[in-house]
Amino acid sequence: MTRVTSQRLATLLGAWAGPGPAYSELAERLRLLALDGRLPEGTRLPAERNLAAGLGLSRTTIAAAYARLRELGCLDSVRGSGSYIVIPAPPAVPAPDAGGILDLTKAAMPAASLVAECVGRAVDALGPELGRSGYELVGLPGLRVAVAEHFARRGLPTDPDQIMITNGVQHAIALLARTLVAPGDRVAVEQPTYPHAMDTLLAARARLVPLPVDPSGWDLDAAAAALRASSPVLAYVMPDFQNPTGASLSVAGREALARSAARHGTLLVADETTALLDIARGPLPPLAAIAPSAVTLGGPSKLAWGGLRIGWIRAPRTLVARLAQARTGLDLGTPVLEQLVVAELLAQEDALVAERSARLREGLHALTSALAEHFPRWRVPAPDGGMAVWADCSPLSSSRLVTAVRSHGVALTAGPRFGIDGAFEHRLRLPFTASPDELRTAVRALREAAEDSPVGPVEAPLVAV
């Protein structure tokens, strides 16, 4: 059972007060924290008296907020046991596809056109594997060769013995945390960053050290100072089309980060999940080509399909051996058929990249055009690749906007989900992975939500970005 203290909850809530009654505003913010994963299902909330003291409110206000959450289906209170978060079902409202909520909380596309064909080929290739045990702790030899060749094509010679196949990139992050991070260790993460990586590191009881990044790039002086001050055991970074900002770290920036990490004994862990989703940038060398000891994570979930729960770790051989030893406490290998599918897909990597780049380019144009029409004063830097824009929606609150737009049939994730301790209230991640029509409809829904709800004023004059 997870508990959240009054102090921690106050940090997560951020600036939650609004024009409505305090109990209602508090309940809405707590509901958002549940919807976007900052308060997982089953989390025990503080007792009413404790939370009232922590927030400087009356116990009556807290009791009313909890009662409102129970009405919304977000809280289950058991006499003598406490009050627990419940993730509510989405409201039954029409969406653009008439199938319910348009879910833009995930930056993900439907399967690429090549996936079905590669599944068929993998089934045909399965026969010889059926005579083996099916347990490959580090992955099928053929897929490890294919991943090594993927890196070699990008200018990073790699031996298959440097590759471990995992059950997706999230599994890879968890395995690294289990192996390398002890409770209380400092771990550097970009600020903002991929929320589930942050969750995994916090679950390992790491102390997070922020490395500032925005759509214009990394603050390398601040990063160097952070590494110098804390000497974290590892630094989790996304140097290519960073999630959520879309920024890419230049070659000079990669070199500077590598020098700082080496100087302070920090292992660089580069997540390349989005590295091939290039729209207008051109190729850059993998971070491990500049920092040979760096660990690289990757997989086909964004390039091909999220339903292929396959990832990989590229690391020095000694670390691969340690990871294999640690893995037996989690699982005993990765599904064989999916590995065969991914090996087939990697053989057609160029075609996959071309297809995805075209789709993302179209989606980015549709999204930014719609935002310029409906929210002309928002600052919306267009990234050179990746899957989302990191919009500055000032002076609106992204938390309030996300709560309001859900009743208009669109699910989004508020900016604070990507930050440490409630930062980025005026930022909103908007994926451009849906169809152009869906994206235009989603932006119209945002506009309606902003006009119909007390989320703040809607601006008029155009600001060029």
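I start with a definition: helices (H or I, at least four residues) and strands (E, at least two) are DSSP runs, numbered from the N terminus. The model is predicted, so I note its limits: local features need pLDDT of at least 70, side-chain atom pairs count only at pLDDT 80 or more, and totals for chains, interfaces and linings use all residues. Residues are numbered from 1 along each chain as its sequence is written, and side-chain values use heavy atoms, with hydrogens and water left out.

**Entry 1: pockets**

I looked up pockets next. On a 1 Å grid over the protein atoms alone, a pocket is an open set of points where a 1.4 Å probe fits, with protein on both sides within 12 Å along at least five of seven lines; a cavity is a set where the probe fits but cannot get out. Lining residues have an atom within 4 Å of a point. For volume, grid points are joined across faces, edges and corners, and the space filled by probe spheres set on the points is taken.

The largest pocket has a volume of about 930 Å³. I find 46 residues in its lining, and Thr105, Lys106, Tyr194, His196 and Arg429 lie nearest its centre. Elements giving two or more residues to this lining are α2, α7 (169-180), α8 (195-203), α15 (398-406) and β13 (410-411).

I sorted the lining by residue class. Ala, Val, Leu, Ile, Met, Phe, Trp, Tyr, Cys and Pro count as nonpolar, Asp, Glu, Lys and Arg as charged, and the others, Gly among them, as polar. For the largest pocket I note 22 nonpolar, 15 polar and nine charged residues.

The second largest pocket has a volume of about 610 Å³. It is lined by 22 residues, with Arg8, Leu12, Arg38, Asp199 and Leu202 closest to its centre. Both α1 (6-13) and α8 give two or more residues to this lining. Which element gives the largest share of the lining of the second largest pocket? It is α8, with four residues. By class, this lining holds 10 nonpolar, six polar and six charged residues.

**Entry 2: salt bridges**

Side chains of opposite charge can pair when their charged atoms come close. I count a salt bridge when a side-chain nitrogen of Lys or Arg is within 4 Å of a carboxyl oxygen of Asp or Glu. How many salt bridges does this rule give? The count is 17.

I checked arginine 31 and glutamate 28, whose salt bridge spans 3.2 Å, N to O. Both sit in helix α2 (residues 22-35), three residues apart, about one turn of the helix. For exposure, buried means under 20% relative accessible area, exposed over 50%, and partly exposed in between (1.4 Å probe, protein chains only). Arginine 31 is at 16% relative accessibility, so it counts as buried. Glutamate 28 is at 23%, so it counts as partly exposed.

Next I checked arginine 440 and aspartate 437: their closest N and O atoms are 2.8 Å apart. This pair lies in helix α16 (residues 436-452), again three residues apart. Arginine 440 is partly exposed at 34%, while aspartate 437 is exposed at 54%. Elsewhere, shared partners join Asp240, Arg254 and Arg281 into one salt-bridge network.

**Entry 3: a sheet**

I used this rule: two strands pair if DSSP finds at least two bridges between them. Three strands form an open, antiparallel sheet in the order β12-β15-β14. Its edge strands, β12 (388-392) and β14 (413-414), each pair on one side only. Five bridges link β12 to β15 (residues 427-431). Here tryptophan 390 stands opposite arginine 429 in β15.
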